[in-house]
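Here's a structure to look at together.

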Amino acid sequence: HGHKLLGLYALLHFAYRYHAFFAGADDMGFADQNGWSSAASLAPHLLLQLSGLTFSIPRRRIVTGSRIWPEYRWHALVFTLRSLVLMAIAVRYPHAETCLPPLLVVLCAMAAAENVTAWYARRGESSRTIRDLAAPAGAQYLMSATQFHATTGCLLTRGRLSVQLVSLCVIQSAAFVMTLQRRGLITHRQ
């Protein structure tokens with residue numbers, strides 16, 4: 001039940017941060033917190049990703065409908081770590097004048113994701129997350145554009161945790177939706 005509790009925490013934390021945003025709080029309320037309380041509020045998100053590694057899932061992607069598959073799970077962990085490391089940098093160096101550390105984090109995340117893809121390709125189990133999705137071309141374009149937007153946000157939002165939280169929300173919400181689909185609580189078309 002630990003994974004469920006972490007998932008519930010993540011949903012409530014996202015709801016809290018979006019409420020803070022719409023209520024006008026600076027940086028989704030992170031600006032009002034010290035570094036330790038920000039880190040404590042984000043740690044369960046990492047634990048959620050890590051606890052997801054314990055579940056048995058199909059070895060290959062099932063293209064009829066969305067389900068979590070091993071390569072996706074590792075990519076989600078890589079990009080979750082990217083967001084959390086960039087948040088840690090923003091907490092530690094809130095007024096940094098250089099974009100070199102975020103650039104290095106982005107390049108390391110890209111290399112790690114590429115290594116994950118190459119590892120699954122050698123096993124004949126690789127799948128292109130968006131291009132292999134049974135979705136209209138317009139939806140695929142929108143999802144691809146969102147990935148570029150998230151990466152650009154990593155590079156251009158020094159000192160702000162909110163942009164990274166939005167990326168984290170997209171990553172973890174996608175896995176949540178796939179879990180709901182697998183359990184039959186929603187359909188692929190919803």
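**A pocket and a helix**

By class, the second largest pocket of this predicted model is lined by 14 nonpolar, ten polar and five charged residues.

Q: What is the volume of the second largest pocket, and which residues are the closest to its centre?
A: The volume comes to about 800 Å³. Of the 29 lining residues, His3, Leu48, Phe55, Ala175 and Thr179 sit closest to the centre.

Q: Which elements give two or more residues to the lining of that pocket?
A: Those are α1 (2–22), α2 (35–51), α3 (70–92) and α6.

Q: How do you know whether Gln164 is buried or exposed?
A: Check its relative accessible area, which is 2%. Buried means under 20%, so Gln164 counts as buried.

Q: Where is Gln164 found, and what is Gln164 in contact with, leaving aside neighbours within four places in sequence?
A: Gln164 belongs to helix α6, residues 162–182. Its contacts beyond those neighbours are Ser83, Leu86, Met87, Gly153, Cys154 and Thr157.

Q: Which other residues of α6 are buried?
A: Among them are Ser162, Leu165, Leu168, Ile171 and Ala175. Ala175 also turned up among the residues closest to the pocket's centre.

Q: How do you know what α6 should span, and what do its end C-alpha atoms say?
A: The rule is 1.5 Å times one less than the number of residues. With 21 residues, α6 should span 30 Å, and its end C-alpha atoms are 30 Å apart, so the two agree.

Conventions: Residues are numbered from 1 along each chain as its sequence is written. This is a predicted model: local features need pLDDT of at least 70, side-chain atom pairs count only at pLDDT 80 or more; totals for chains, interfaces and linings use all residues. Side-chain values use heavy atoms; hydrogens and water are left out. Buried means under 20% relative accessible area, exposed over 50%, partly exposed in between (1.4 Å probe, protein chains only). Contact means heavy atoms within 4.5 Å. On a 1 Å grid over the protein atoms alone, a cavity is a set of points where a 1.4 Å probe fits but cannot get out, and a pocket is an open set with protein on both sides within 12 Å along at least five of seven lines; lining residues have an atom within 4 Å of a point. Grid points are joined across faces, edges and corners, and a volume is the space filled by probe spheres set on the points. Ala, Val, Leu, Ile, Met, Phe, Trp, Tyr, Cys and Pro count as nonpolar, Asp, Glu, Lys and Arg as charged, and the others, Gly among them, as polar.
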